[in-house]
Amino acid sequence: MQESIKVNWLDCIKSRNRPNADVEIGHRSISVCHLVNITRELDRKLTWDPLAETFIGDDEANKLLDRPRRAGFELPEA
């Protein structure tokens, strides 16, 4: 990790400010890549609801938003 990134991260822990590489920005940035990959895999246009983070009226596409996790890396049930 670059020194300036570490310093920013530690400063933000103390100040409670958002870091330069905020998790929300990272999530939104990579989501676009995942959406493009799903669209290419299904080879058709899809309609995305950014608030619900699901495809509107498309169960087949929504199944591709998640995958089974390896044992020990499962997500907790909501």
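At the start of helix 2, a side-chain oxygen of Asp22 approaches the backbone nitrogen of Glu24 to within 3.2 Å. This pair is a polar contact, defined as N or O atoms within 3.5 Å, one able to donate a hydrogen and the other to accept it within protein, with residues adjacent in sequence counted only if both atoms are side-chain atoms. The model is predicted: local features require pLDDT of at least 70 and side-chain atom pairs pLDDT 80 or more, whereas totals for chains, interfaces and linings use all residues. Residues are numbered from 1 along each chain as its sequence is written, and side-chain values use heavy atoms, without hydrogens and water.

Helix 2 comprises residues 23-42, and its end C-alpha atoms are 28 Å apart, in agreement with the 28 Å that its 20 residues should span at 1.5 Å a residue. The expected span is 1.5 Å times one less than the number of residues; helices (H or I, at least four residues) and strands (E, at least two) are DSSP runs numbered from the N terminus. Ser31, Leu35, Ile38 and Leu42 of helix 2 are buried. They lie on the same side of helix 2, because they cover an arc of only 70° around the axis, taken from the directions from the helix axis to the C-beta atoms. Ile25 and Arg40, on the face turned away from the buried side, are exposed. Buried denotes under 20% relative accessible area, exposed over 50%, and partly exposed in between (1.4 Å probe, protein chains only).

The cover over the buried residues of helix 2 includes strand 1 (48-49), strand 2 (54-55) and helix 3 (59-63). Leu42, with a relative accessible area of 17%, is in contact (heavy atoms within 4.5 Å) with Glu60, Ala61 and Leu64, neighbours within four places in sequence being left aside. Just after helix 2, Asp43 adopts a positive phi of about 55°.

Six salt bridges are present, each a side-chain nitrogen of Lys or Arg within 4 Å of a carboxyl oxygen of Asp or Glu. One of them pairs Glu53 with Arg28 (2.9 Å, N to O). This pair links the loop between strand 1 and strand 2 to helix 2, across 25 residues. Arg44 forms a salt bridge with Asp58 (2.4 Å, N to O); Asp58 lies in the loop between strand 2 and helix 3 and Arg44 in the loop between helix 2 and strand 1, so parts 14 residues apart in sequence are tied together. Asp58 is buried at 12% relative accessible area, whereas Arg44 is partly exposed at 30%. Arg44 also meets Glu60 in a salt bridge (2.8 Å, N to O). Through shared partners, salt bridges join Glu24, Arg28 and Glu53 into one network.
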